[in-house]
Amino acid sequence: MKNGKAPTRGQKKIMRAHGLVPENWLVVKNLPDTLEVVSRTALKKIGRKPRTKTISKSL
């Protein structure tokens, strides 16, 4: 898995619109129509698959 990046201001707005707290998520993929994010806490847990979500950019 690639390293996640901190979300930009626009990405934070999209995350809040979908009910996510941007401080708890990192952006893995930024595609034109979707945004794939991974949980910060899941990355810290050893031996578990990180929790990822794919959210749509359109509301």
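Mentor: pLDDT is the predictor's confidence in each residue, from 0 to 100. This is a predicted model, in which local features need pLDDT of at least 70 and side-chain atom pairs count only at pLDDT 80 or more, while totals for chains, interfaces and linings use all residues. Residues are numbered from 1 along each chain as its sequence is written, and side-chain values use heavy atoms, with hydrogens and water left out.

Trainee: Which elements of the chain have the lowest and the highest mean pLDDT?

Mentor: Helix H2 (residues 40-44) has the lowest, 81, and helix H1 (residues 9-17) the highest, 95. Helices (H or I, at least four residues) and strands (E, at least two) are DSSP runs, numbered from the N terminus.

Trainee: Why is Ser 39 called buried?

Mentor: Buried means under 20% relative accessible area, exposed over 50%, and partly exposed in between (1.4 Å probe, protein chains only). Ser 39 has a relative accessible area of 6%, and is therefore buried. This residue is found in strand S2 (residues 34-39).

Trainee: Which residues are in contact with Ser 39, leaving aside its neighbours within four places in sequence?

Mentor: Contact means heavy atoms within 4.5 Å; Asn 24, Trp 25 and Arg 51 are in contact with Ser 39.

Trainee: What makes S2 and S3 a pair?

Mentor: Two strands pair if DSSP finds at least two bridges between them. S2 and S3 have five, in the antiparallel sense. In S3, Thr 54 is the bridge partner of Glu 36.

Trainee: What is the order of the strands in the open sheet?

Mentor: The order of the three strands is S1-S2-S3, with antiparallel pairing. Strand S1 (25-30) and strand S3 (52-56) are the edge strands, since each pairs on one side only.
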